[in-house]
Amino acid sequence: MSLVNALALVLGVIGCFLTYLSLSTGFFFIWATFIFTATGVALGGTAEAFKNLVVCALMGMVLAVIAALLILNVDLGLPGALWPAIVVGTTTACLALVAHIPLFPAIPATVIGYASTFAYVLSANLLTPEGVMGGGTKNPVFLITTSLIVAYGFGRVSLALAGKLAAKT
């Protein structure tokens, strides 16, 4: 079996299973899981790439929460969307700058963690102190982190299974 066909089979079966789990439990987002998995593969698909994905995406989530809290809690009296734009511009610059720290080498994964967190916060209308910092299963960091953990397993397992299927032919 070709690698592409093996990936199609494995991704289809595991994607079906994960979608069912996501929709049944609400403990992770299937969209975020697919995005994180694709990022891990794009980073090289190795154990090291997926480790970097997790660590860097978590850093992106932290920076997104910091940005949200700054936007919500600091009022400089600037007009309209200027303050949020400055905060997002500054924290996204930090996304790249943290790559100077050897623990956070994968800028794309950091950006994906940041963007996924804000995507959920904004789409779910949670840009409030309670929405960003509240506990429970609706918490952005909880849901994006569980999606990231599922993606780590999904990526590692799907690549390993597809490799084995492709090697058998």
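## Nonpolar surface patch

Helix α3 gives the most to the nonpolar patch, with three residues; helices here are DSSP runs (H or I, at least four residues) numbered from the N terminus. The model is predicted, so that local features need pLDDT of at least 70 and side-chain atom pairs count only at pLDDT 80 or more, while totals for chains, interfaces and linings use all residues. Residues are numbered from 1 along each chain as its sequence is written, and side-chain values use heavy atoms, with hydrogens and water left out.

The patch is formed by V62, I66, L70, V74, L76, L78, L82 and I86, with about 600 Å² of accessible area together (Shrake-Rupley method, 1.4 Å probe, only the protein chains shown counting as cover). Its members have over 30% relative accessible area and no salt bridge, nonpolar side chains being joined within 5 Å; a salt bridge is a side-chain nitrogen of Lys or Arg within 4 Å of a carboxyl oxygen of Asp or Glu. Both α3 (47-73) and α4 (82-97) supply at least two residues. I86, which lies in α4, counts as partly exposed because its relative accessibility is 38% (buried is under 20%, exposed over 50%, partly exposed in between).

Leaving aside neighbours within four places in sequence, Y114 is in contact (heavy atoms within 4.5 Å) with G60, M61, L63, A64, A67, V88, T91, T92 and L95.

Key:
Patch = residues over 30% accessible without salt bridge, like charges linked within 9 Å, V, L, I, M, F, W, Y side chains within 5 Å. Buried < 20%, exposed > 50% of the residue type's maximum accessible area, 1.4 Å probe, protein only.
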